Amino acid sequence: MNAFDPVSQDLFTFGLWTVGNPGRDPFGEPVRPVQSPDRLVHKLAECGAYGVNLHDDDLVPFGSSASERDRIVASFKKALADTGMKVPMATTNLFSQPIFKDGAFSSNDPKVRAFALQKTMRAIDLGAELGATIYVFWGGREGTEADACRDPRTAIARMRDALDFLCGYVKEQGYGMRFALEAKPNEPRGDLYLPTTGHMLHFISTLRNHEMVGVNPEVAHETMAGLSFVHNVAQAMERDKLFHIDLNGQKIGRYDQDLRFGSEDQKGAILLIRLLEGTMGGKRYEGPRHFDAHAYRTEDEAGVWDFAKGCMRTYKILHARAKAFDSDPEVMALITEMRDAQIDPLLHGGYSKQKAQALKGLSIDAAQVAKRGLRYERLDQLLVEHLLGVRS
Ligand code: DIG
Ligand code: MN
Ligand code: MN
């Protein structure tokens, strides 16, 4: 057993659509045979994963009969039982079928919006049947090219109505599920509504059952928006709204690459892991570490499992490096919070007339304060050296 081999306690999960991706892209046909969900469960268990996630259509092909659905689900449940694999998260495919070509919940056609609710309720039932307690919503078609097609405020209101309705459904069914909303700025639509995790956090505050709704940030999606993924995740964690997370790799300025975790921005990855694992202090994230990613199109099936093992191994290597960094005495000395016995009490605990008068009365030599060097060059060099493994 290697220190970086995954164990179930790591809570590593993969979507059926990730390791099951046959390698189709907008410019080419599939390069790998389609694997059955049951086989994917067994192979992921062999790799050391904790669980598997799914869209409804990943398991039960769109248009299947009720009896076919039941047969497929029964077989899948046997694969889960035989391997001990869990299903922490489920979601609905509201983006592949032509009916959703102009959105699902935000569509201008009431029949489309009704069909989206119907499909989602059935998918929530399936997720609950498989034990999922997190339900993700990614609005892959909730957007526009011809923006004059609807008032954006109407689109947002329609999505709020749908989520309020579905929160009501989950509560009435007693499923004990929480919803996690996933943002993306664009692709496959020209622009998507609610494009970043920040937009989602505000949108959640406008929902009737906001307490049961959080976010599912994805590395690639915030990177596509040119934002710091770490800052977006931190803002969600600070409000206890990080209900799930999609880990992968992404080069800025590209389409949604969904690359192997840690294969691109390793500094961003170790800074993320410091946050998630709590090595920098503060509460750690307790949910699944989900890799919403897929192998390069160049790969055969063996390459797919190299990809899956690489995601988990890199995460564990960077976790070990993050622990070493945050326990390095020189690092700790450089990032210890500055204290001032006279000023600190004035900055915490809210406003008072006394604090305002005291702050106005402070004599602070701005020129003198400005002279202090922060030593961030040394701090970042230490991070780089821990990352490169030359400092332990
Ligand atoms: C894409 O990043 C989306 C879909 O794959 C899915 O709906 C969601 C689940 O993590 N991520
Ligand atoms: Mn993605
Ligand atoms: Mn995702």
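**Note on cavities, pocket and manganese sites**

1. β4, α6 (152-173) and β6 each give at least two residues to the lining of the largest cavity. Helices (H or I, at least four residues) and strands (E, at least two) are DSSP runs, numbered from the N terminus. The model is predicted: local features need pLDDT of at least 70, side-chain atom pairs count only at pLDDT 80 or more, and totals for chains, interfaces and linings use all residues. Residues are numbered from 1 along each chain as its sequence is written, chains are lettered from A and ligands numbered from 1 in the order in which they are written, and side-chain values use heavy atoms, with hydrogens and water left out.

2. The largest cavity holds about 200 Å³ of space. Closest to its centre, of the 19 residues that line it, are F137, W138, G139, E142 and M159. β4 supplies the largest share of this lining, three residues. On a 1 Å grid over the protein atoms alone, a cavity is a set of points where a 1.4 Å probe fits but cannot get out; lining residues have an atom within 4 Å of a point. Grid points are joined across faces, edges and corners, and a volume is the space filled by probe spheres set on the points.

3. By class, the lining of the largest cavity has 13 nonpolar, three polar and three charged residues. Ala, Val, Leu, Ile, Met, Phe, Trp, Tyr, Cys and Pro count as nonpolar; Asp, Glu, Lys and Arg as charged; the others, Gly among them, as polar.

4. The whole structure has two cavities of 30 Å³ or more. V19, G20, N21, P22, R32, P33, Q35, E301 and V304 line it. They divide into four nonpolar, three polar and two charged.

5. The largest pocket has a volume of about 1,600 Å³. Of its 45 lining residues, W17, N21, R24, D258 and H294 are the closest to the centre. A pocket is an open set with protein on both sides within 12 Å along at least five of seven lines. The lining divides into 17 nonpolar, 14 polar and 14 charged residues.

6. The manganese ion (ligand 3) is coordinated by E182 (OE), E218 (OE), D246 (OD) and D292 (OD), at 2.0 to 2.2 Å. Donors are N, O and S atoms within 2.8 Å of the metal (3.2 Å for Na, K and Ca); water is not among the atoms, so sites may look incomplete. Angles among the six donor atoms run from 75 to 170°, and the site is irregular. For six donors, octahedral needs opposite donors over 155 degrees apart and all others between 65 and 115.

7. E218 bridges the manganese ion (ligand 2) and the manganese ion (ligand 3), which lie 4.5 Å apart. E218 is in the loop between β8 (213-215) and α8 (219-224) and D258 in the loop between β9 and α10 (266-277), so the pair ties together parts that are 40 residues apart in sequence.

8. Helix α11 (residues 301-326) has 26 residues and should span 38 Å at 1.5 Å a residue; its end C-alpha atoms are 38 Å apart, which agrees. The expected span is 1.5 Å times one less than the number of residues. At the start of α11, a side-chain oxygen of D300 comes within 3.1 Å of the backbone nitrogen of A302.

Definitions and conventions:
Polar contact = N/O pair within 3.5 Å; in protein donor to acceptor, adjacent residues only side chain to side chain. Tetrahedral: all angles 85-135°; square planar, octahedral: opposite > 155°, others 65-115°.
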